[in-house]
Amino acid sequence: MSITRDEVAYLARLSRIELTDAELDHLAPQLDQIITAVAQVQEVAAEGIPPTSHATGLTNVFRDDVPVPCLTPAEALDQAPAVEQQRFKVPRILGIEE
Amino acid sequence: MDLTRHTAAELADKLAAGEVSATEVTQAHLDRIAAVDDRVHAFLHVAAERALAQARDVDDKRARGDSLSPLAGVPIAVKDVFTTRGMPTTCGSRILEGWHPPYDATITQRLKANGLIILGKTNMDEFAMGSSTENSAFGPSRNPWDLSKVPGGSSGGSSAAVAAYEAPLAIGTDTGGSIRQPAAVCGIVGTKPTYGGSSRYGVIAFASSLDTPGPFGRTVLDTALLHEVMSGHDPMDSTSIDAPVPPVVSAARQADVSGMRIGVVSDLSGEGYQPGVMTRFQEAVELLEHLGAKVTEVSCPHFRYALPAYYLIAPSECSSNLARFDAMRYGLRIGDDGASDAEQVMAQTREQGFGAEVKRRIILGAYALSSGYYDAYYGKAQQVRTLIIRDFEAAFSQVDVLVSPATPTTAFGIGDRADDPMAMYLADLCTIPSDLAGNAAISVPCGLAAEDGLPAGLHVMAPAMADDRLYRVAAAAEAGLTERWGHPLLAGAKGLDR
């Protein structure tokens, strides 16, 4: 087995996805099957072959730094789930005891 | 004649000649959408009033004698992955339901600037992950050839809209085949331009090193006309190629393969390929040879590792890209009860906002990138990507283009592969190598498979920035095959007549 149910639960927690037990039961064997299949890449990728992260080969691309109009505060906040005092209102980020 | 039956090129001529107005053309397509889209479900949002306002604006400009783009007044359907200012953009996901982007994608801007009339936003697999539109949070689209079949994906709403005459043109994105595979199974034309040839700015990211916007049309010329308008350098996309758009329209008009060297990829055949698809593919290759092309067989031995490499690279990039959906500044927020902290709200929102396939891929990507597994999975997949690029380089030193079937099979039934990820992934077997290499490829209809009477696609692959070669080959095949059939292939699509 290439991935266990516990590992899937751990990765889901790292990915901030609160999976249900039923989903874990369903996903873990599927992911195991997928990982076993994709592990084929290990058959051919040998030492000395450089990795490719993207195909264009472009590096350090710059454009002219031209000032353009930006969103107004109202436009920027228009789609926010919650707003307070012209700011994004978010749930607390520190624990009660901290 | 019903205006929706015309090609984009014909509509453009009629509009320029003043035979029809943009308003009439737009209304005809809106009427068609109203008549059939409850069965096809190609659209997630129809922007009828905005489209008619845009059409009136084009008509006014034409009446004033303003100089207009060749496609001004021609309607288009836009995949819901492109941001459209003030128009809903969901990417097929609950997590973006009701979101109205504050800006337009570069391509959206270019469509508007060229006077194309945006009819609405088309359905897609959630975040472009899938090959059937069944992963859309808003229900699947249906194939106009047979409503019990999938229209392909992820750009299946766009392919279905064009095949159902709801729009003469559409745009989509191709990350592993998401333009060419739906085009093939719907019997229309779809192109994945060279990576970097079309802008990603404002295209909601799935796998950034692969995502490539491109055109759909019912004919090769229509597809080329749209390709030309939507492409070109964009300073807002750091991976955009700063070079002129290849001469795709003149290539489509030229439709000449005499003397061209065409390589049949022997590795894209065999087990898993439907016999009727292979028969139509081989007939198309024989036709091209008859038209003067020099056909040889070419081997690309690493293509068999493209699918596994893709299912490491794409999920890895997706797990990183989709971290932005954190319920803080836009989109869905679940569980903000005043007691839960930000991480709990994030985890609940992502649990309820993402569908099964998106979760599968985020977790798969997190696994492939995690320390201890990175070298064995993501690192190896990146090396395979190099081997596939080398296969293409070796092949293109011998031939001008490569050909294969576009898909191993015709459209499968809705539900048939829905909970079998590996079976679903095989739909992109032929298309993934071009995405990994970043070069250009097209699918053009090559006939109906004898077993099921459903369309198959001829897949043509060209080197990066040689997109024009695709159109030469596809247009020659289209002309020869249409003559043989006696009518455009799509005239046989009867799914909406039953």
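1. **Ground rules.** This is a predicted model, in which local features need pLDDT of at least 70 and side-chain atom pairs count only at pLDDT 80 or more, while totals for chains, interfaces and linings use all residues. Residues are numbered from 1 along each chain as its sequence is written, and chains are lettered from A and ligands numbered from 1 in the order in which they are written.

2. **Chain B as a whole.** Chain B holds 16 helices and 11 strands; here helices (H or I, at least four residues) and strands (E, at least two) are DSSP runs, numbered from the N terminus. Its radius of gyration is 21 Å, close to the 23 Å that the globule rule gives for 498 residues, so chain B is as compact as a globular protein of that length. That radius is taken over C-alpha atoms, and the globule rule is 2.2 Å times the number of residues to the power 0.38. Along the principal axes, the C-alpha atoms of chain B fill a box of roughly 70 × 55 × 45 Å.

3. **Burial and contacts.** Of the 498 residues in chain B, 63% are buried. A residue is buried if 20 or more other C-beta atoms lie within 10 Å of its own, exposed if 12 or fewer, and partly exposed in between, with C-beta atoms placed from the backbone. Among contacts in chain B with a separation of 6 or more, 77% come from residues 24 or more positions apart; a contact means that the C-beta atoms of two residues, placed from the backbone, lie within 7 Å.

4. **The sheet.** Chain B has an open sheet of 11 strands with mixed pairing, in the order β1-β3-β2-β4-β6-β5-β10-β11-β9-β7-β8. Two strands pair if DSSP finds at least two bridges between them. The edges are β1 (43-46) and β8 (294-298) of chain B, each of which pairs on one side only. On average, neighbouring strands are turned by 30 degrees against each other, direction ignored.

5. **Strand β10(B).** How many residues of strand β10 (residues 440-448) of chain B are buried? The count is 9 of the 9, so β10(B) is largely enclosed by the rest of the structure. Strand β5 (residues 189-192) of chain B pairs with β10(B) in the antiparallel sense over 3 bridges, and there Thr191(B) has Ile442(B) as its bridge partner. Strand β11 (residues 455-462) of chain B also runs antiparallel to β10(B), joined by 8 bridges. Along this pairing, Pro445(B) stands opposite Gly457(B), and Leu448(B) is the bridge partner of Pro455(B). The two strands form a hairpin with 6 residues between them, and Gly453(B) in the turn has a positive phi of about 65 degrees.

6. **Helix α16(B) and its partners.** Helix α7 (residues 220-230) of chain B packs against helix α16 (residues 467-485) of chain B at an angle of about 155 degrees, with their axes 9 Å apart. That makes α7(B) roughly antiparallel to α16(B). Axes are lines fitted to C-alpha atoms, for helices over the stretch in contact, and angles run from 0 to 180 degrees between N-to-C directions. Angles under 35 degrees count as roughly parallel, over 145 as roughly antiparallel, 65 to 115 as roughly perpendicular and the rest as oblique. Helix α9 (residues 275-290) of chain B meets α16(B) at about 100 degrees, with axes 10 Å apart, which makes α9(B) roughly perpendicular to α16(B). In this second contact, Ala284(B), Leu287(B) and Leu288(B) of α9(B) meet residues of α16(B) including Val473(B) and Leu481(B).

7. **Helix over sheet.** α7(B) also lies across β4, β5, β6 and β10 of chain B, at about 145 degrees to β6(B).

8. **Where the chains meet.** The contact takes 47 residues from chain A and 56 residues from chain B. On the side of chain A that touches chain B, α2(A) gives the most, with 8 residues. By class, that side has 30 nonpolar, 11 polar and 6 charged residues. Ala, Val, Leu, Ile, Met, Phe, Trp, Tyr, Cys and Pro count as nonpolar, Asp, Glu, Lys and Arg as charged, and the others, Gly among them, as polar.

9. **A residue to look at.** Thr386(B) sits in helix α13 (residues 375-396) of chain B. Is Thr386(B) exposed or partly exposed? With 18 other C-beta atoms within 10 Å, Thr386(B) is partly exposed. Not counting residues up to four places away in sequence, Thr386(B) touches Ile49(A), Pro50(A), Pro51(A) and Thr52(A).
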